[in-house]
Amino acid sequence: MTRQQLVEQIKKKKSYLCVGLDTDITKIPAHLQSHPDAIFEFNKAIIDATKDLCVSYKINTAFYEAHGLKGWEAMQKTVEYIPQEIFTIADAKRGDIGNTSTQYAKAFFEALPFDSITVAPYMGEDSVAPFLEYNGKWAIVLGLTSNKGASDFELQKTGEAYLYEKVLSTVSKWGSPENLMFVIGATQAEEFTNIRKITPDHFYLVPGVGAQGGSLKDISEKAMNKDCGLLVNASRAIIYASGKEDFADAARKVAQEYQQEMAVYLDRLNN
Ligand SMILES: O=c1ccn([C@@H]2O[C@H](COP(=O)(O)O)[C@@H](O)[C@H]2O)c(=O)[nH]1
């Protein structure tokens with residue numbers, strides 16, 4: 001998917017919501033547990049209930065890889081079920097020496113039809129480059145993550161700058177805002193303004209609202225750019241909103257609340 005197509009979807013749906021399909025078999029409602037294809041059936045119901053409210057789905061591959069071949073099959077069926085105008089993210093956090101990254105890119109962009117993949121930048125340019133060689137596909141590089149451990153390296157100074165600042169300024173030269181995004185945690189509110197100064201044009205994938213306590217308002221008010229420039233992810237807060245038979249309706253209700261709040265911020269952007 002191109003940047004222009006993504007921006008059009010955001011405008012059309014008045015949403016920059018990314019629903020996270022972190023489908024944990026132990027949290028699937030009891031009535032689906034015995035289904036032979038429980039993960040896919042759960043995802044299908046969530047997608048049907050939320051597809052008009054979001055512009056992206058993020059599949060965290062760990063929740064699928066944990067089940068071996070059956071998990072990969074559920075991941076493939078899920079990504080193929082998502083309507084093609086919705087941006088798909090393989091949250092796989094890959095990155096290795098160049099020829100290995102090339103195989104990861106083939107796995108997620110050719111064997112599986114994802115629009116994008118999350119990538120760890122620690123191994124440098126040759127580890128990220130293979131993900132940037134595909135037209136209409138995106139690398140989403142970890143910038144400043146939402147977790148506590150972000151302070152171990154990302155928020156350590158290397159000279160004058162934080163390591164994450166160096167990552168943003170260096171990695172942004174490897175691709176363009178047409179094929180490169182950054183992961184910025186919603187829990188890192190005090191850094192949003194600074195982050196936007198370093199990378200004014202890029203889209204950010206923003207996890208950390210909902211279960212991790214980050215604020216949709218803060219990220220929206222401090223880090224939107226003229227094209228919106230945000231995909232805000234919520235996983236557990238949406239997909240496990242009820243944990244019961246009505247899980248899809250409950251997911252829709254929470255997704256709708258996020259979407260309605262997003263519509264307000266988008267209106268402000270256009271006025
Ligand atoms: O910095 C990061 C990078 C990735 N994640 C992932 O996003 C979702 C968040 O799930 P919630 O249930 O909404 O907390 C999950 O897949 C993480 O692995 C992140 O949280 N922070």
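**Strands, helices and the ligand shell**

Tutor: Strand β5 (residues 138–144) and β8 run parallel and are joined by five bridges. Strands here are DSSP E runs of at least two residues, helices are H or I runs of at least four, and both are numbered from the N terminus. Two strands pair if DSSP finds at least two bridges between them. This is a predicted model: local features need pLDDT of at least 70, side-chain atom pairs count only at pLDDT 80 or more, and totals for chains, interfaces and linings use all residues. Residues are numbered from 1 along each chain as its sequence is written.

Student: Which residue is the bridge partner of V141 in β8?

Tutor: F182 is the partner of V141 there. F182 also stands opposite Y204 in β9.

Student: How many bridges join β8 to β9?

Tutor: Three, and β8 runs parallel to β9 (residues 203–206). M181 has F203 as its bridge partner in β9.

Student: Why is β8 largely enclosed?

Tutor: Five of the five residues of β8 (residues 180–184) are buried, so the rest of the structure largely encloses the strand. Buried means 20 or more other C-beta atoms within 10 Å of the residue's own, exposed means 12 or fewer, and partly exposed is in between, with C-beta atoms placed from the backbone. L180, F182 and I184 cover one side, M181 and V183 the other.

Student: What about β9, which residues are on each side?

Tutor: F203 and L205 are on one side, Y204 and V206 on the other, and all are buried. Three bridges join β9 to β10, and these two run parallel. Y204 stands opposite L230 in β10.

Student: Switching to helices. Which residues of α8 are buried?

Tutor: In α8 (residues 163–171) they are Y164, E165, V167, L168 and V171. Seen down the axis of α8, these fall within an arc of 160°, so they line one face of the helix. The arc is taken over the directions from the helix axis to the C-beta atoms. S169 and T170, on the other side of α8, are exposed.

Student: And the ligand, which residues come nearest?

Tutor: N60, T145, P207, S235 and R236, out of 19 residues around the ligand. A residue is near if its C-beta atom, placed from the backbone, lies within 6 Å.

Student: Which elements supply at least two residues of that shell?

Tutor: β10 (230–234) and α11 (236–239) each do.
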